[in-house]
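This report is written for a reader meeting the structure for the first time. Please keep the sequence and the model in view while reading.

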Amino acid sequence: MTHFSSAQFEPNYDEAKVPVFPIPDLLTTFSGEIIKNSEDWNTERRPELLNFFEENVYGKVPGTLDNASFEVVERNENALNGKAHRKQIEVTLQKGSRSLQFNILLYLPKHKDKAPLFLGYNFFGNHTITTDLNVLVSKAWTMNNEKLGITANHATEASRGVRAHRWAIDKILDKGFGLAVIYYGEVDPDKNDFSDGLHTLFYSKGQKQPKANEWGSIAAWAFGLSRALDFLEKEKQVDASKVIAFGHSRLGKAALWAAATDERFAGVISNNSGCGGAALSKRKFGETVGRINTSFPHWFCDNFEKYNENEEALPIDQHQLLALIAPRPLYVASAEEDQWADPKGEFLSAHYTFPVYGLFGKEGITSQRMPEVNQPIQNTVAYHIRTGIHDVTDYDWEQYLIWAKKFIE
Ligand code: GTR
């Protein structure tokens, strides 16, 4: 197993140095059988791919919960200047004598009886996504970020609204969609330490960390999204058959894995998810498997380390993760200045899913030519690369809303 320090690692940003690499075939099973229709995809190929990603990339969920309960701790029928219904829900997950709590912040458009909805995580707490003074500040461990006013590993009033620019709440509500968000650190704190968060609920006696094929943090965050969907299914004003998992960057990786493992998600948006998300691993452009497993050893399962500086040995690539979403709508988005996430690798990965979407009579992206910046391609599989940096912008949301109106609503 290769370990190397971040300092030793020189990322490649030169297209000429991208290795010649195979694209593992979506429609040939590991034993060489050819998949000819959607039924064979669903019964043979999809399960074996899903199983590979579970065992070797993200890790398996080691058991089931004993109980999940939901309590509405705050609500207002006239939030955001009368535009929305707001609810804050405390979710309690239980296994034996252990439990974990996280909070969902839910905004629903007032004029709609049943709204389709985006569900996603935020990085620093629900109160950071809006200047709404009624949103509760998380008490959980939070990564320090002086610029955002977060010190001593806890958020305070100082960070209210600091990430509002990433969540176009007004635009979302105006188009008739709801938005539900969760602070990801309440589900599993983002640190290489398995003594807290969701993992601890499932340990057997004396166990201190997940086994080599068991879940890392991305899979734990994905599991949290599914539990939030359990709640949304009970919520009368939500159309739970139209919930789109959304995520940026590491949380885009989590959204993709949530939609891959839980087919109740109606679709998924990967915003700049990069390595271990939408981007092809075998291109080794920007962030690589070895680098991500070194910087963030807790994100994937330990089995994934076999592929550190050894992407050639992977019998799969990330387009096969994306294909697990089929036939549901999938949006992959990149940013021009986010070369670390390998925009071309994200585009090609979305492109290579088209034969699977085709089995279902859905339109993927058949051209191998990347579109120009700010020229979205919007089929059931959609892609855009916008100008600017690694971020979520109004431009991104405007495109997501056009696409979601067409393919989800
Ligand atoms: C980076 C990491 C990326 C991406 C990003 C983020 O440091 O290398 O894979 O996940 O963080 O989440 O913003």
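The report covers the ligand site, the packing of helices, and some local features of the backbone and side chains.

The model is predicted, so that local features need pLDDT of at least 70 and side-chain atom pairs count only at pLDDT 80 or more, while totals for chains, interfaces and linings use all residues. Residues are numbered from 1 along each chain as its sequence is written, and side-chain values use heavy atoms, with hydrogens and water left out.

**Ligand site**

| Side chain | Distance to a ligand oxygen atom |
|---|---|
| Arg-250 | 2.5 Å |
| Lys-253 | 2.9 Å |
| Trp-340 | 2.9 Å |

Taken alone, the ligand exposes 320 Å², of which the protein buries 80%. Accessible areas come from the Shrake-Rupley method with a 1.4 Å probe; for residues, only the protein chains shown count as cover.

**Helix packing**

Helices (H or I, at least four residues) and strands (E, at least two) are DSSP runs, numbered from the N terminus. Helix α5 (residues 217–234) packs against helix α6 (residues 250–261) at an angle of about 60°, with the axes 8 Å apart. Axes are lines fitted to C-alpha atoms, for helices over the stretch in contact, and angles run from 0 to 180 degrees between N-to-C directions. α5 is therefore oblique to α6, since angles under 35 degrees count as roughly parallel, over 145 as roughly antiparallel, 65 to 115 as roughly perpendicular and the rest as oblique. Helix α1 (residues 38–58) and α6 cross at roughly 140°, and their axes come within 11 Å. This angle makes α1 oblique to α6.

**Local features**

The peptide bond from Ala-326 to Pro-327 is cis, with omega near 0°, and Pro-327 lies in the loop between α8 (318–323) and β8 (330–335). Leu-80, in helix α2 (residues 79–82), has a positive phi of about 50° although it is not a glycine.

Terms used. Polar contact = N/O pair within 3.5 Å; in protein donor to acceptor, adjacent residues only side chain to side chain.
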